[in-house]
Each structure stands twice: as structure tokens, then as C-alpha cells.
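Thanks for coming. Please have the model open.

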Amino acid sequence: MFFVAKLIVLRVARCSVFIKLNLVSVGHGELAAYSLSSLSTPNQNKTMRYIGKLPVLLGAGVLVLITAIDAAADGRDSGKIYKSSCAVCHGDKGEGKTIGKNKFPAIAGLQKWYVQDQLIKFKYDGRGADYRDKEGLMMHAMVRTLKTGKSGEMEIEGVAEFVSNLAVDTSSKADRVSASELAASIERGREIYKAEAPRGCELCHGDKFQGTNKEDVTKLQPRAPTLSPLEDWYMLRQLKKFRHGIRGGAADTKRAQQLLGEAKAKLKIKDKLDGPALMQAMSQTALPDEQAVKDVVAFIYSQTHPSK
């Protein structure tokens, strides 16, 4: 597949970043050279602090945008959309990948509703719009390549269905530490995970880490994702983002909030509880320091990805 690429406008932290592509034809696996030609933003000071990280963002972002264009020629089949737009980072089987110094999480087997919810949040500034969130900004750009239609966020729904049907890889990839150190960390993490709500994790994520597909307002129990597919490094990273307020906040513009609400209506997402906001609050109270984060992740990962 060949096409002429002149200019891509990429939204980064609510700023318009214009990327001039220097190659006139690309195919699968090729990454166009780019140059940052101009920047216009109402929040320029914050964004300028992020410019040093843009080569990583743009390298992955341009590649995803290029491959996403190829999906249009394939008839917008959900499996083909996934392979052209998502597999470059998350792997053909949703197993996750490492590209250079960048890690991308395993997503195979996540519930359909959860994938849908996260994708529309990425699309409408509910997640990934914070200038400190390098990985979120990549998703923030990628998800905007998915088309919408009269029937709703049709491609998001199709990709979510495809991801939910991928097989979960439960083989352990944990970094090795001393047996005694790991055992102590796992035990401390067990106490945190199984603590009584609202400080613990089990009420929402389940005794078998299966997640919760139906909210219970009376128990202040939102729907929650399964933790079984998630790798330890990804859980560490996300918990840190929740603790520092990078993830879990609402979209910060009225227009974004409106679009997010409309997308939820199209996908029939009717949650009364704000799961990410509750998760942010819980992580800031139940996880007082970095060691607590490591401990609870060590416990979860030891149960979902037992060493073989």
C-alpha cells in the first residue's frame, strides 16, 4: 500500500502540533521522517516542558496514524482495524510489546465494556490529555483515527469486542528478586488488597481478580476491569498515575465533557458511579507510599501470573 502523506495534525495535550512528513510514500513497517514545523497552544508553557519527549510520541503516533489509514482500504473490519492500528504496540494477540525503551501493555481478554469506556475517554479528553502522561498521549492520538457513524462509535465497539475475545497470556514475566523479599512484599500486598472497603481492592476487582461488570450504587461499587491480563509494570505505572492525579480526573473542557457524554449515550454506557474518580481517591488513601503500590501489585501479579 502506498500513499502520499503531506501533513498530519496531531492533538497533543490540547495543542495543535503540525508534523510535516518528509516521505511521499510508505508501506507497512516503514516510519516516515518528520519535523516539528509549528506549535500553537493556549497552554504553551506546560507543553514546552513536554517537547523533549515528542520524538517518542511522534515516532509511535505517526506510525499508528499511517497504519490506521491503511485500514480504510481493508473495509474497516474490526480484526483488520486492530492489526493496522493497535497491534503495532499491543501485539497481534494483545500480548503487549516493548519497543525500544517504551512498554505497551497486554490488553487481551479485557472486558468489552471496559475497552469501550477507555477508548472513548482517550478520544474525548477523559484520559490521556494530561501533558505528563506520555503513554496516554499516544493513545489520545491513535484513537482519533477510529471512525464514527450514525449507529454510534461503531469502530470503537468493534475493536473492543475483538480485544475482549483475545486469549489472556498468564505466563509470568516478573523481574527476579530474592524469594524472601518477594514473599514479604506479597503478604503486605495481600493485606492491602483484601482490606475492607473503601480502602481495599477486592470489593470492586473481585476475590479472583475477575472485575465487576455491574455497579452497585448502595455499596459505592463501580464497574471495574479484570486484573488478570495486566502485567506488573503496567499496574505499577497506572497506580502511580492515579495517585498523582494524572489519571482519574474528568475531561477539563465543557466541549470534551459534552462529546464524552454523547459517546457514552451511543454506546449505552449508563454508569452512575465514576469508577476512575473513585480509583483515584482510593489509591491516594489506601496506598500511602511507593512501597505500598509495589506490594499490592506484587500480590496481584503473583496470583494472576504464577511462576512456572
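Asp125 sits in the loop that runs between helix 4 (112-123) and helix 5 (134-142). This is a predicted model, so keep that in mind throughout. The phi of Asp125 is near 70°, a positive value in a residue other than glycine. Is Asp125 buried or exposed? Its relative accessible area is 11%, and because the cut-off for buried is under 20%, Asp125 counts as buried.

Next, Leu220, in the loop between helix 8 and helix 9. Leu220 is not a glycine either, and its phi is positive, at about 55°. Leu220 has 48% relative accessibility, and counts as partly exposed.

Now a peptide bond. The one from Ala197 to Pro198 is cis, with omega near 10°. Pro198 belongs to the loop between helix 7 (179-193) and helix 8 (202-205).

Last, the helix pair. Two packed helices are described by the angle between their axes and the distance between those axes. For helix 9 (residues 232-243) and helix 12 (residues 290-304), the axes come within 10 Å and cross at roughly 140°. The crossing of helix 9 past helix 12 is right-handed. Which residues make the contact? From helix 9 they are Asp232, Met235, Leu236, Leu239, Lys240 and Arg243. Helix 12 contributes Glu290, Val293, Lys294, Val296, Val297, Ile300 and Tyr301. Sorted by class, the contact of helix 9 with helix 12 has eight nonpolar residues, five charged residues and no polar ones.

That is the end of my list.

Definitions and conventions: Residues numbered from 1 in each chain as written. Predicted model: local features only at pLDDT ≥ 70, side-chain atom pairs only at ≥ 80, totals over all residues. Heavy atoms only, no water. Axes fitted to C-alpha atoms, helices over the stretch in contact; angles between N-to-C directions. Helix = DSSP H or I, 4+ residues; strand = E, 2+ residues; numbered from the N terminus. Left-handed = near helix turned anticlockwise from the far one by under 90°. Contact = heavy atoms within 4.5 Å. Nonpolar A, V, L, I, M, F, W, Y, C, P; charged D, E, K, R; others polar. Buried < 20%, exposed > 50% of the residue type's maximum accessible area, 1.4 Å probe, protein only.
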